[in-house]
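Open the model in your viewer and keep the selection panel at hand. The stops below say what to select next and what is there.

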Protein chains: 2
Amino acid sequence: MGTETRERILEAGAALVRRQGYEATGIKQIAAAARAPFGSLYHFFPGGKEELGAEIVRRAGARYGRLFPAVLDRSPDLVQGVRAFFAAAAVHLEESDFADACPIATVALESSSRSETLRAACAEVFEAWITDGTERVVDAGVPPERARSLVVGLLGALEGAFVLCRAARSTEALEVAGAAGAAATAAALAGDSGPGLGSR
Amino acid sequence: MGTETRERILEAGAALVRRQGYEATGIKQIAAAARAPFGSLYHFFPGGKEELGAEIVRRAGARYGRLFPAVLDRSPDLVQGVRAFFAAAAVHLEESDFADACPIATVALESSSRSETLRAACAEVFEAWITDGTERVVDAGVPPERARSLVVGLLGALEGAFVLCRAARSTEALEVAGAAGAAATAAALAGDSGPGLGSR
DNA sequence: CCCTCTCTAGAACGATCGTTCTAGGCCAAG
DNA sequence: CTTGGCCTAGAACGATCGTTCTAGAGAGGG
């Protein structure tokens, strides 16, 4: 069955796009990295690069989206879960020589004014992450609207920290964001309407 | 003097790169948009696309960096200044059909694993923004280290919100980030070591 | 007047881009 | 055995990429 080839293409493509972005990654480069025959690429993705890109985004989004719940499940509470997630992101980023941050943020910025297809795929992934995250926060006892704002703030802080960290080749921004995110989460759990991410 | 041609090239290049990113923007496209002869491009930027890109980043960074102090000067205090800055960013983003966000964030993500020259230019700009912002916050009475964390958190929140807003074509994330940023600023001014961005 | 230096102007080059096309291998169904 | 599908395989195409090269316009100092 050749479906595993399709798999390899998406896998290799995701790794390349995460590091280089969409525009800088060639379709032939993906085929080579996946050790896939070039013809297969257009067989599995007749829509060409754009379709392949959208599929990579969705696929990487679904995989990366499982990380936050997984970390939460291993943490005693929400606040420590948030702290642990930012800390893990910092470790992983540094270990990859500041290459592996968010798998889709670069594509989101590159495509938002150029390809409606790609932009929509990124938006879809972000929204799924937010919805899933909100559910977890609501389960911890935070009112839905407040929970969503918290999660949007957390995700935004994470994405922004990735931008700064990759540029500076330093984890400072992730550390700051992690501490702030944890504090904001604690405030939301305490029912404060006060300071912190997510007070609207 | 032909230096004004150089100016036009940087101007046009900045506008294109801001919307499309670095990789998707062609050097000939910049020349055409600037109504500059193509030969002039290599005359002014002998280092080719990379040198031009780095110059665009630095130039756009210097210009955009003047915005935050300007907004602050027109605001009664730091907290309202922060709020106003995020609000203005949201208005400008929406008015530009979600095209004009941070002029260098896309380049930062695209280049960080591909071009040391460009990555360094972006890092330089971010660091300058942070340094300048920290100075303003220190002037308002916050201890230096705390001030820097606050500013790093604010900038990260802004950049991340831009990513989410452009993808979603919505200003939600900027609104959340603005409220959180203002609250965190208030907390820092009050000397709280408690919740909010920048509590390390 | 001429020489030099800056800047304009765009043709030309090789490389690479995404895409299309043709051809063959493989395997299950008839 | 033959047919028809999926999938592999890569050559070929036109377009465009960044870069280099040649040539000339224009101004200023000797």
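**Stop 1**

Select B:Asp97. B:Asp97 is exposed, because 11 other C-beta atoms lie within 10 Å. By the cut-offs used, a residue is buried with 20 or more other C-beta atoms within 10 Å of its own, exposed with 12 or fewer, and partly exposed in between; C-beta atoms are placed from the backbone. This is a predicted model: local features need pLDDT of at least 70, side-chain atom pairs count only at pLDDT 80 or more, and totals for chains, interfaces and linings use all residues. Residues are numbered from 1 along each chain as its sequence is written, while chains are lettered from A and ligands numbered from 1 in the order in which they are written.

B:Asp97 sits in the loop between α6 (78-95) and α7 of chain B. Helices here are DSSP runs (H or I, at least four residues), numbered from the N terminus. Check the backbone: phi of B:Asp97 is near 60°, a positive value in a residue other than glycine. Most residues other than glycine have a negative phi.

Now go to A:Arg35, in the loop between α2 (27-33) and α3 (38-44) of chain A. Phi of A:Arg35 is also positive, near 50°. A:Arg35 is exposed, with 10 other C-beta atoms within 10 Å.

**Stop 2: a helix pair in chain B**

Select residues 49-65 and 116-139 of chain B, helices α4 and α8. They pack at an angle of about 10°, with axes 9 Å apart. Axes are lines fitted to C-alpha atoms, for helices over the stretch in contact, and angles run from 0 to 180 degrees between N-to-C directions. That makes α4(B) roughly parallel to α8(B) (the label for angles under 35 degrees; over 145 counts as roughly antiparallel). Show the contact residues, including B:Gly53 and B:Val57 of α4(B) and B:Cys122 and B:Trp129 of α8(B). Two residues are in contact if their C-beta atoms, placed from the backbone, lie within 7 Å.

**Stop 3: a second pair**

Move to α9(B) and α10(B). Their angle is about 170° and their axes are 8 Å apart. That makes α9(B) roughly antiparallel to α10(B). Among the contact residues are B:Leu150, B:Gly153 and B:Ala157 of α9(B), and B:Ala177, B:Ala180 and B:Gly181 of α10(B). By class, this contact has 14 nonpolar, three polar and two charged residues. Ala, Val, Leu, Ile, Met, Phe, Trp, Tyr, Cys and Pro count as nonpolar, Asp, Glu, Lys and Arg as charged, and the others, Gly among them, as polar.

**Stop 4: between the chains**

Show both chains. How many residues of chain B are in contact with chain A? There are 52, meeting 52 residues of chain A. The largest share of the chain B side, 15 residues, comes from α9(B). That side divides into 29 nonpolar, 13 polar and 10 charged residues.

A rotation of 180° with 0.0 Å of shift along its axis superposes chain B on chain A (RMSD 0.0 Å). The copies are thus related as by a two-fold rotation axis.

**Stop 5: the core**

Select A:Val57, A:Cys122, B:Val57 and B:Cys122. These have the most contacts inside the largest nonpolar core, which has 140 residues. Such a core is a set of buried Ala, Val, Leu, Ile, Met, Phe, Trp, Tyr and Cys residues joined through C-beta atoms within 7 Å.

How values were computed: Helices (H or I, at least four residues) and strands (E, at least two) are DSSP runs, numbered from the N terminus. Angles under 35 degrees count as roughly parallel, over 145 as roughly antiparallel, 65 to 115 as roughly perpendicular and the rest as oblique. Copies are superposed by least squares on the C-alpha atoms of residues with pLDDT of at least 70 in both.
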